[in-house]
Structures are given as structure tokens and as C-alpha cells.
Amino acid sequence: MLIIPVDRKPDWRRPPLITIFLVLVNLLIYFGIQWGERNHMEPAADYYLVESRLPEFEFPAYARYLESDNKTAAATSMRKALERWQQIRARADLAAARNGKTASLDDYGQIAQAWYVLDADTAFSALMQQPKPSVLGTIDADDLAVWKEQREHYSLIRKRSFTERYALIPAQAFERPVTLITHMFLHGSVEHVLGNMVFLAMVGYAVEILLGGGLFLLFYLASGLLSAAFYLLFRGDSMILSLGASGAISGVMGMYTVLYGLRRIRFFYWFLFYFDFFTAPALIMLPIWVGKEAFDLWFGGPSNTNYYAHIGGLLGGALLALLYRLLARRKLEQAHANYVAPADDDKLLRTLQQSAYAALSRLDFERARRDFSSLVSKTLAQKRTPQPDWLLQLFNLSKGAPSSSAFHQVAAMLLRLPKGALDEEKIHQVYLDYVARAAPRPSLSSEQSLALAKRFALNGQPQTAENILQILMVTARQHQQLPQLVHCIARGFIAAGRHDKGQQYQKLLLQQFPASDESRLISSPGNRY
């Protein structure tokens, strides 16, 4: 399941420079440095597991090394890996003797993880550089010579890559503290880096515009650190490489929810094969996102995704944003005022907006009406769309003059707003208020009435759609879209649990419009609601 905010568009006259910088740095590091390392480890793994006897010597040595550090469970796992390696090696030798078939790295795939853990432990690797490490235990001269020769050859093959040097290994985090920062600029695949950068680009600019570039960069890095700290808290003994910007980006998402608070934001969601948009207060998404990550962590099964880092990032970013709200409330409010104002930085429009809301707060409705009217007209003059809330405020303030052109015009603009721009219940209420008050009558064409009726029918207000249909059956009886409307009303009543009404309109559709596509659809087998 995917849920991301799509409520704000960047103002490219004041571009989000830090967000752009972070995206470019991540892309340059991956495609400029990491791209050529994709197959770096395969030759080393092939030599170690397939060609050499190194597991025979080093797997039990590593188990003893782990036991000396009180990691008995990991030591037991290593000894089991040795047993599996010996079984695979025996089968491979037998197959080679019978038919000359040689083993491949794929045959050893089930123990590759054990090699990876051992190989990533730089402290153990340093021990293996000694002439005769004590952890090898009792070993005769011939085996020691074999081990030395193969270990030297392995060391020549195994060159530590840029990714391994700067990725985070939890168990070594305090030995290599720089990796707490560097790991968040590394990625494991093209899909990994592109997916993260899309999220950063979509959410980062909306946070940067409120915090400012410098503070946004500081909070971004701090979120990555808090994300890593949360991961270390639960998996601090892990030797598995951790890399990616998702912890820091989760922090940006946590900041987003707190900085935008109870403001209603438009979100895109995708679940399995279905996707759509919805609006909700930004803050509601914090427990939803954290809950989703926790569910995937506990019930999602084995995965390469670091859910601990995601949860830590979300909570860490939210905490940073909360501190900012408490310490810089006035500055944040001003940033919101500037951000929702027109993008051309027109001081007059910003002043009008502040004046309009201030007049509302002191109940000076006439002044508020004039200011909102000026806001709408000046924005339209600049060939831009007024803020939906401005239109709604102006509509409510114009109810006292129901015959005025302003009342009719602002009602028309509100009723034409696309889905998601304003809560659908508010659109419905605007329509009810308009038709009840408009003088001498509502100025709605047949096309507008049809569009509104279909919208209401499919958004939980089929009764209102039914009332509009009754009028259209008289005033626009021959309109070609009437069958579609009847069909929508039937669906709307059925969705609302009123099956009797839904069936009534199905019958009406068949009786009044028998040749329509909608009638043929509901008449076909299996298509009755």
C-alpha cells in the first residue's frame, strides 16, 4: 500500500534548492560510483565457497570468535552453515567424479548469507591477516599452509568496495561512526535509488518551503541519524549492511505531518490494483504510516526493507518538527501564509489574504467579503485558480445578496472544482445553499446540472441527484446523457444500502431508455446490482 501527499506544486521561481541538491547527490553517487560495483562481490564469493577450503577453516574459527563475544546463537548458526557447506561440497565432489560436472556458486546459495556475515566483519577479517590466528584452533602444518595460500589469494580478489566502506554495519557503527551519515547516500539498486528520490522530490520541497533550505538540510541529516539510532537500538549486533536514504526520507514525511498539522491535504493512494485520491488532515498520516511499517515488520515476512529505520525516521522527523513548532510558531505561521499565497510573490495579494482572514476573526463580514472578492478577481486576472477556501468564504459571505452576480459566479466556480480540491460534503452543501437562496433562480445549465447530479450520485448523495433528475426529465428530456445519470443514481442508492430505490431506477432506465448502452449493460447476465 502506498500513500503520498500530492497537495502542493513547487514554485520554480523559488525552487527547493536543497531538495534538488539531495536528489542530485544521491543519483550521482549511485550512477557515478556504485553502478560499476554491482558484480564486485561475486568473484570473491565464488572463490571462497566453491573453489577454496576456506569455509572448512574459517567457519568454525568465526564461531569460536562469536562465542568469545557471548554471541552463542550466531555461533551455532555458523556451525550449522559449516555442516551445510560440507554436505554441498561432498555432493559436488561426487558429481565431478561421476560425470565431470563442476559446482557453481548457485549450488552454495543457501549458505551465502553465512559467508556474507563473516566477510563483513572487518574485525574478524583483520584477525585473518595474522600468520596463525589463535581462533583457527589446532591445525597441522599442511592445512595451515593451504589456509595461508588461499586466504592470500582471497584477499587479492576481495577488494573492499566504496559501498562496503561507507554502508552502515550496526555491530561496527561505533568503530566507523562516519557510516551513520554516509549510509544514507548509498543505495542497493536502480529501483531503490529512483524510488527513494521520487519520494524525496515529492515531499521534500513542501517541507523545505516551510523550514528554509539550511534548517531543512540539518533536519534531514538529523532524521537519518535518528533513524539509524532506532535501528541500532533493536538490531545493534547485526553484521548486515544497511544503506539507503529511506530513513532520512521517512523523517521528512514525519516532519510533513507535524508541520502541516490539521491542514487538509490531498493524498494519492495505491492498494493492489486500485488507486485514487483522498483529503485528510496531514497529522492523521503519522500514525497510519508508522502503523503500516510496524505491521510490515511484524507480519510481512522476510524482507530486505529496513522497517526499523522507517519507523525511527518517521518518529524522529515528527519530533524535530514538533520542537520547531513549539520554538518558532510565528515563523512557521508566516511561512504557511507565504506558501499558500500566489506564487508570483505579489505583496498585494498576501496583504489581502491576511486582511480577509483578520476581518473574519473580528466578525467584520463586510470587510472580509470585499477582501475575498478582491483576492478572487485579482487571482483570476493573473490567469490562475483561486484557493478553494477563498471561494468558499466568499460564497458564505455573499449569501446576504442572493441576486448579485458575485453570488452566482462564485457558486459556479465552487461547483466546478475538481474532485479532491475541496471536501465533497462541502461541495454538496454549497449546491443546496445555492439552489435554496439564488434569486431569481439558480443559473445552472443542463450540462452543469447533469455533471453535478452524477457527482452527487457517486459521492453518497443520491437523493440530491434524484431531485436534479426530476427537473431534467422535464427541462432536458432528450439529453443524451440522461441514461448515464439514471444509471449513476441507481448505483448511488445501492451503494448507500437502499436497494429498493436502486432497483426502481434500474427499472426506470429500462422503461425510459431501453436502447441506451446503460440499459443493455444492466440487462446482460451477471450485471444486475
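The chain contains 25 helices and 3 strands, and the model described here is a predicted one. Its radius of gyration is 33 Å, well over the 24 Å that the globule rule gives for 529 residues, so the chain is more spread out than a compact globule. Along the principal axes, the C-alpha atoms fill a box of roughly 110 × 60 × 35 Å.

**Burial and contacts across the chain**

- Of the 529 residues of the chain, 46% count as buried.

**Helices α2 and α3**

- Helix α2, which covers residues 42-51, and helix α3, which covers residues 54-68, have axes that come within 8 Å and cross at roughly 95 degrees.
- Because angles of 65 to 115 degrees count as roughly perpendicular, α2 is roughly perpendicular to α3.
- On the α2 side the contact is made by Tyr47, Tyr48 and Leu49, while α3 contributes Leu54, Pro55, Glu58 and Phe59.
- Sorted by class, the residues in this contact of α2 with α3 are 6 nonpolar, no polar and 1 charged.

**Nonpolar cores**

- The largest nonpolar core has 89 residues, of which Leu49, Phe59, Val207, Tyr220 and Leu259 touch the most other members.
- Leaving aside residues up to four places away in sequence, Leu259 touches Val207, Leu210, Leu211, Ala321, Tyr324, Arg325, Leu332 and His336.
- Another core, of 49 residues, lies apart from the largest one, and its members include Ala359, Leu472, Ile489 and Leu509.

Note on methods. Residues are numbered from 1 along each chain as its sequence is written. This is a predicted model: local features need pLDDT of at least 70, side-chain atom pairs count only at pLDDT 80 or more; totals for chains, interfaces and linings use all residues. Side-chain values use heavy atoms; hydrogens and water are left out. Axes are lines fitted to C-alpha atoms, for helices over the stretch in contact, and angles run from 0 to 180 degrees between N-to-C directions. Helices (H or I, at least four residues) and strands (E, at least two) are DSSP runs, numbered from the N terminus. Angles under 35 degrees count as roughly parallel, over 145 as roughly antiparallel, 65 to 115 as roughly perpendicular and the rest as oblique. Contact means heavy atoms within 4.5 Å. Ala, Val, Leu, Ile, Met, Phe, Trp, Tyr, Cys and Pro count as nonpolar, Asp, Glu, Lys and Arg as charged, and the others, Gly among them, as polar. A nonpolar core is a set of buried Ala, Val, Leu, Ile, Met, Phe, Trp, Tyr and Cys residues joined through side-chain atoms within 4.5 Å. Buried means under 20% relative accessible area, exposed over 50%, partly exposed in between (1.4 Å probe, protein chains only). The radius of gyration is taken over C-alpha atoms; the globule rule is 2.2 Å times the number of residues to the power 0.38.
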